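Reader: I am new to this structure and would like to learn how to read it. Please take one feature at a time, with the general idea before the case.

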Amino acid sequence: MESCRGLHHLVMNIMAKASLLLSVCLLVASSSASSFSKPNPTSKLRLQQVLVVHRHGDRSPITPLKDEDFWQSQLPQPHVLEGIAKGTALVRPPEGNPIHGAHGRGPFGQLTMMGVLQMASLGERLREELQDTLFTDEKPLHPSRIRIMSTDFPRTIQSVQALLTGLFEGAQLDAPAIQIDVRRTNSYLIPDPQPRQTPTQLVLESHLAKRPHLVEKEKGLNELAHKVTDALQDHLGEGAMGVSFGIGEEKSQDDDDKKKKPLAWAKLAEILTCLHSRDLLPPTLSKEDVEQVNKHVAWRWFENLSHPVLAKSAMWKFANKMVEDMEHKVECVKREDESTGEEHIEEPLLCIYSAHDSTLIGLLCVLQLEQPESWPEYGSYLKAELIQEEKDGDSKEVLQHWVRFSLNGQVLRSTWTSEPADMVPLSKLSEMIHSEHDIYCEHTGSKLFTWKNGALVHTQSQ
């Protein structure tokens with residue numbers, strides 16, 4: 001009897017210890033998950049830096065159309081462009097930048113007067129958002145606290161110049177001028193540079209474009225593509241068929257057999273958008289046709305760029321630069337806080353990147369953020385906020401650095417975390433950016449492509 005009681009006591013003791021151990025494990029796991037998903041509610045949050053990546057403003061169609069005089073009339077007058085350019089200076093590489101197929105020529109692919117006004121309005125909006133949060137009485141808004149980069153397209157350069165007039169309330173910018181860095185930006189601020197960062201990316205794009213579900217969907221939309229192409233024939237100007245751009249579409253639609261193939265989807269969408277916004281659609285096309293084409297183009301871009309291997313190949317360099325910029329800012333703030341009086345070079349509080357809709361789509365994919373409900377309109381902006389979490393009190397003890405993303409003011413949750421999160425630790429974001437990915441052949445199981453150490457490798461052919 002005593003032995004039974006002793007055995008019972010031993011079992012109960014073991015169970016109690018196991019229960020305690022389980023509780024501790026759950027508490028640790030819960031604490032870990034909590035620290036990953038959001039800051040402690042008692043902590044103080046301090047905005048350290050903001051990175052803004054924006055699409056340019058309204059533009060004329062990239063594809064040349066016949067009515068050049070009309071589209072020329074939509075562009076800003078020279079004195080307007082001279083006005084917004086005051087206080088800025090372009091920084092170009094001595095060798096120049098490669099000209100992209102979507103650069104435009106003549107009045108085509110250019111920022112319109114409507115686009116200038118849109119971007120000035122965006123500058124005003126950013127000033128309101130960042131006043132008293134990023135820029136303070138101690139560190140007020142000043143050209144020295146801003147860094148600008150842009151693709152070397154007239155429409156993106158002029159867009160950020162217009163943005164600056166709104167950001168600074170149209171005031172004359174102090175000397176020295178704000179530099180707009182366009183050095184080699186055409187090679188990595190867009191997912192489809194010409195030439196690509198590596199020729200292997202074109203091979204990968206071609207491979208992904210042949211996936212059965214994508215081919216089947218476009219086969220079902222082939223009639224629509226021909227209908228729209230036929231309706232636009234009388235609008236197309238000289239050189240229209242030679243314009244080529246877009247992920248998985250370059251040179252695929254504009255070969256020697258032009259009469260049998262419709263225009264590339266990217267071209268159809270951009271022409272329709274420009275015509276529809278000015279009530280210039282051909283009578284045989286409807287608003288529903290425009291929406292259907294745009295919806296498919298959005299799906300096509302997301303479907304291709306959401307594949308992690310292509311996303312990394314196309315946008316890793318830019319995304320990695322953003323992460324490294326934030327990490328550098330953390331180190332600079334740390335040195336400032338530990339400073340004993342020596343001077344330090346202050347990292348910018350605001351970094352602005354003037355780019356394209358494809359840039360925003362590419363970043364949403366490589367950063368694994370939730371997709372927006374609609375395609376980013378002209379003047380749309382992705383904002384990355386670097387936030388320092390500090391222990392409550394006077395100690396200013398730093399607990400964590402967080403990054404919060406938003407598109408046009410709407411917070412985008414990260415989808416690569418165990419649960420969708422409004423904010424992610426900067427350290428975890430850096431780990432995700434450097435993660436490796438592979439593509440295997442469905443039939444043989446052999447590895448076709450791999451992304452590793454910042455490089456895309458085509459391991460073998462199918």
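Author: This is a predicted model, so confidence comes first. The protein has an average pLDDT of 88, and 87% of the residues score at least 70.

Reader: Which elements have the lowest and the highest mean pLDDT?

Author: Where pLDDT is low, the predicted coordinates should not be read in detail. Here helix α1 (residues 2–37) has the lowest mean, 45, while strand β5 (residues 350–355) has the highest, 98. Over residues 1–8 pLDDT stays under 50, and the model has zero contacts beyond four places in sequence for them. Residues 14–35 also stay under 50, with three such contacts.

Reader: How should I read a pocket, and what is the volume of the largest pocket?

Author: Rolling a probe the size of a water molecule over the atoms shows where empty space is left. The largest pocket has a volume of about 910 Å³. It is lined by 40 residues, and those closest to its centre are R55, N294, V297, D357 and W375.

Reader: Which helix gives the most to the lining of the largest pocket?

Author: Helix α10 does, with 11 residues. At least two lining residues come from each of α9 (265–276), α10 (287–305) and α12 (357–366). By type, the lining of this pocket has 17 nonpolar, 11 polar and 12 charged residues.

Reader: How is a pair of aromatic rings described, and how many aromatic pairs does the structure hold?

Author: Such a pair is described by the distance of the centres and the angle of the planes. The structure holds five aromatic pairs. In one of them, F318 and Y353, the ring centres are 5.1 Å apart and the planes stand at 65°, so the pair is edge-to-face. F318 belongs to helix α11 (residues 308–337) and Y353 to strand β5, so the pair links parts of the chain 35 residues apart.

Reader: Are F318 and Y353 buried or exposed?

Author: Both are buried. Together with Y188, F318 and Y353 form one aromatic cluster.

Reader: What should I look for in the backbone?

Author: Most residues other than glycine have a negative phi, and most peptide bonds are trans. In this model a cis peptide bond joins Q194 and P195, with omega about 0°. P195 is in the loop between β4 (178–181) and α6 (199–209).

Reader: Where are D279 and N408 found?

Author: D279 is in the loop between α9 and α10, and its phi is positive, near 55°. With a relative accessible area of 71%, D279 is exposed. N408 lies in the loop between β7 (398–407) and β8 (410–412). Its phi is also positive, about 55°, although N408 is not a glycine. At 32% relative accessibility, N408 counts as partly exposed.

How values were computed:
Residues are numbered from 1 along each chain as its sequence is written. This is a predicted model: local features need pLDDT of at least 70, side-chain atom pairs count only at pLDDT 80 or more; totals for chains, interfaces and linings use all residues. Side-chain values use heavy atoms; hydrogens and water are left out. On a 1 Å grid over the protein atoms alone, a cavity is a set of points where a 1.4 Å probe fits but cannot get out, and a pocket is an open set with protein on both sides within 12 Å along at least five of seven lines; lining residues have an atom within 4 Å of a point. Grid points are joined across faces, edges and corners, and a volume is the space filled by probe spheres set on the points. Helices (H or I, at least four residues) and strands (E, at least two) are DSSP runs, numbered from the N terminus. Ala, Val, Leu, Ile, Met, Phe, Trp, Tyr, Cys and Pro count as nonpolar, Asp, Glu, Lys and Arg as charged, and the others, Gly among them, as polar. pLDDT is the predictor's confidence in each residue, from 0 to 100. Contact means heavy atoms within 4.5 Å. Rings of Phe, Tyr and Trp (its six-membered ring) pair if their centres lie within 6.5 Å; planes under 30 degrees apart count as stacked, over 60 as edge-to-face and the rest as tilted. Buried means under 20% relative accessible area, exposed over 50%, partly exposed in between (1.4 Å probe, protein chains only).
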